[in-house]
Amino acid sequence: MRFVDEAVITVEAGDGGNGVASFRREKFVPFGGPDGGDGGRGGGVYLVADDDTSTLVDYRYTRRFRAERGKNGAGANCTGRGGDDVVLKVPVGTTIVDIDSGDIIGDLIEDGQRVMVACGGDGGLGNTHFKSSTNRSPRKCTHGGKGENRQVRLELKVLADVGLLGMPNAGKSTFIRAVSAAKPKVADYPFTTMVPNLGVVDVDRHRSFVMADIPGLIEGAAEGAGLGIRFLKHLARTRILLHIVDVQPIDGSDPVYNAKAIVAELAKFSPTLAQLPIVLVLNKLDQLDDDAKDEWCQHIIDELDWQGAVFKTSGLLEEGTKPVIYYLMDQIEQQKEREQEDPDYAAEIQAFRQQLEEETREQTLSAKEAYRAKRKAQRDGMEHDDDFDDFDDEDESDVESIYVRD
């Protein structure tokens, strides 16, 4: 299955049925009068969040959805049947945006949540509505109203309490495997994770949270380098970021430089996103000698001038992971409890999240436009170049990948 987190579709609601002009014609009823029925209402188009749906891939191939038109009215005051609605299932975490206006139509964050995206037209009126004491045989009726027709963009952002952040091969997938039932692919080469993976972390009985592992970031990710902007936006709905740092990268790079580069990319992509609480995890301690572990970790902390929470782990050996998940669970519970008890704080958090959503959406769209302009410039340049071997015309959205949710 391809993981698709954006799609543009056209939705058309059904038109209303027409009203009719009819008169009662029965034996021994000389003055039957008008009895034209109204037209039926056109069907609407609804989007509903479905927890069993994990990708928008279906809307990459079928992009137009039209509801049924309402039936016309009939004599004997018979109202036409209403048109059937069209109900489209989307993953939980889908935002619906009107392309023409840019307005957000709905944000589906709960299973079963339902939003109308196109309203069906009203049925026309039969001639019975136009009778009066001075017009006893009206021949007037009205046509049904037009149904709404619009283009909408579906944007999927995974819903998680904690988002994993770090360079490729920092050990994020190994960490989420160690603390949850999720089983993302793990290998000794970069970018083994191609899509977000969700895992439910069970801390204690009736205490759990959702953790999201997104593909690794590199320098320039905010401009589209690596997997770039495709997955940075998925961090927008998390409460806490868990920054996984490989204390001894296999490529020989400096872990301090890598950590600073990731934080810089966050701030470049969205200054609001960089304000989320970040917990530092120094990972892969099993690669260091016992005598050098503490000294090397302290060196990294000092060079980063890190003032927040720090944990030392080995995801492969599942060492040091328990304190991390207990700390995260406590922080999440404290945030939720404060939101319930303090309305001002809850409003502040809501405004923060709304600003974060707007920033990530604007940055994603602007970066995509810049990417398309760059590719167009490359194509225009290649028209005058006989050597086409160095140009790769494969778009990054064509990557085949599996979306896992455990």
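Two strands count as paired if DSSP finds at least two bridges between them, and the strands themselves (E, at least two residues) are, like the helices (H or I, at least four residues), DSSP runs numbered from the N terminus. The model is predicted, so that local features need pLDDT of at least 70 and side-chain atom pairs count only at pLDDT 80 or more, while totals for chains, interfaces and linings use all residues. Residues are numbered from 1 along each chain as its sequence is written, and side-chain values use heavy atoms, with hydrogens and water left out.

**Exercise 1.** Describe the largest cavity by its volume and its lining.

*Solution.* A cavity is a set of points, on a 1 Å grid over the protein atoms alone, where a 1.4 Å probe fits but cannot get out, and its lining residues have an atom within 4 Å of a point. The count comes to one cavity of 30 Å³ or more, and the largest has a volume of about 50 Å³. Its lining consists of E6, E155, K157, K233, T360, R361, T364 and L365. Helix α6 (residues 343–382) gives the largest share of this lining, four residues.

Conventions
On a 1 Å grid over the protein atoms alone, a cavity is a set of points where a 1.4 Å probe fits but cannot get out, and a pocket is an open set with protein on both sides within 12 Å along at least five of seven lines; lining residues have an atom within 4 Å of a point. Grid points are joined across faces, edges and corners, and a volume is the space filled by probe spheres set on the points.
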